[in-house]
Amino acid sequence: MRADSSDRKVLLKALVIRWTGTLEGRSGLQSEAPPSVGSKAGREAVLALNLETIISFPGGESLQAFALVTVLVEKAAAPGIKALVRGVEAVLQHNQDTLLQALQQLRLSIQDMAKALAQMHDYVDPDIFYTVIRIFLSGWKDNPAMPEGLVYEGVTTEPLRYSGGSAAQSSVLQAFDEFLGIRHCKGSGDFLHRMRDHMPPSHKAFLEDLHLAPSLRDYVLTSGAGCCLMAYNQCVEALAQLRSYHINVVARYIISAASRARSKMLSHPAPHALEDRGTGGTAVLSFLKSVREKTVEAILHPNA
Ligand code: HEM
């Protein structure tokens, strides 16, 4: 990166061309990192998780483990995505037995995601995440360190603004939200919708299709199938618990790490400007708590 004659930050042409070439066929000129980026902690993680990354960024072993655990969380979600598809079909066919099985499988999958996420604590050093990995994942949108964005040399003359890499760009939880009928408040919902522009187009289209599918909530409320309603609520509770656990992870890797960095005077200006921001650019805790609250609110109380 360099500054141009107007002191704007410019991404060098050699990088832009490679980058845009890599992203050809995707939905745009986005920045891209997790959900699926990703060395003693990393080496242990490789052995324990039986996975290895093929590229690396600064952050060394913790970065590798961060990427691998993220992949494992997504892997744990795969049976849930399959169950969700069976669940949509079951609602269309009014098949309560299949719907019940699908909801039970979805709950197990969400609980397995939380167990996979817990491995972050075993392998990723919070201070390395906060002072190194997070800086490289950050973008140039909603980023106080780069408010004017970034000129892509050879592609644009005006600066572009793109969000950094964030697991909020994973389609998994958004798919669960769509299926379970969980609606987020405007600010958080707008951010989550914007993150869809960083997903593979087929994932984005899948979420849009789910949104148009017949309402699972209406079905469980009107079909009289009490066991399906209970299984629906268990899915919502498991999702709220996953989101609570994720907030604890964020508290350790961002909030506590920020206060340690401040007390050790480790911050230089850019990380400092980013200290209460996620890599996707959100004001971290208020966003995540609002998303969890709307999840809890989705629990059905048929007799209330
Ligand atoms: C050290 C580990 C992690 C940290 C510090 C972290 C931090 C954050 C932050 C700050 C946000 C707010 C959006 C942003 O500005 O980026 C966020 C959102 C999100 N993260 Fe993470 N994250 C971590 C790991 C993960 C993993 C492994 C997953 C799952 C693959 C995940 C899934 C999500 C999702 C789905 C959201 C959107 C909010 C929601 O739907 O609840 N995160 N994360």
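Me: Buried means under 20% relative accessible area, exposed means over 50%, and partly exposed is in between (1.4 Å probe, protein chains only). By that rule, is Phe66 buried or exposed?

Reply: Bear in mind that this is a predicted model: local features need pLDDT of at least 70, side-chain atom pairs count only at pLDDT 80 or more, and totals for chains, interfaces and linings use all residues. Residues are numbered from 1 along each chain as its sequence is written, and side-chain values use heavy atoms, with hydrogens and water left out. Phe66 comes out at 13% relative accessibility. The cut-off is under 20%, so Phe66 counts as buried.

Me: OK, and what share of the protein chain's residues counts as buried?

Reply: The chain has 13 helices and three strands (DSSP runs numbered from the N terminus, with helices being H or I of at least four residues and strands E of at least two). Out of its 304 residues, the share that counts as buried is 46%.

Me: What kind of pair do Tyr152 and Tyr162 make?

Reply: Tyr152 lies in strand β3 (residues 151-152) and Tyr162 in the loop between β3 and α7 (172-180), so this pair ties together parts 10 residues apart in sequence. Tyr152 is buried at 2%, and Tyr162 is buried at 17%. Their ring centres are 6.1 Å apart with planes at 70°, so the pair is edge-to-face.

Me: Which residue joins Phe66 and Phe129 in a cluster of ring pairs?

Reply: Ring pairs extend beyond those two Phe residues. The cluster is made up of Phe66, Phe129 and Tyr253.

Me: Now the charges: how many salt bridges are there?

Reply: Side chains of opposite charge can pair when their charged atoms come close. Here a salt bridge is a side-chain nitrogen of Lys or Arg within 4 Å of a carboxyl oxygen of Asp or Glu. A search of the whole structure puts the number at nine.

Me: Where do Lys294 and Glu297 sit?

Reply: Their side chains meet in a salt bridge, 3.2 Å from N to O. Lys294 counts as partly exposed at 27%, while Glu297 counts as exposed at 52%. They are three residues apart, about one turn, and both lie in helix α13 (residues 284-297).

Me: How far apart are the closest N and O atoms of Arg183 and Glu178?

Reply: Arg183 is partly exposed at 46%, whereas Glu178 is buried at 9%. The two form a salt bridge, and the closest N and O atoms are separated by 3.6 Å.

Note on methods:
Rings of Phe, Tyr and Trp (its six-membered ring) pair if their centres lie within 6.5 Å; planes under 30 degrees apart count as stacked, over 60 as edge-to-face and the rest as tilted.
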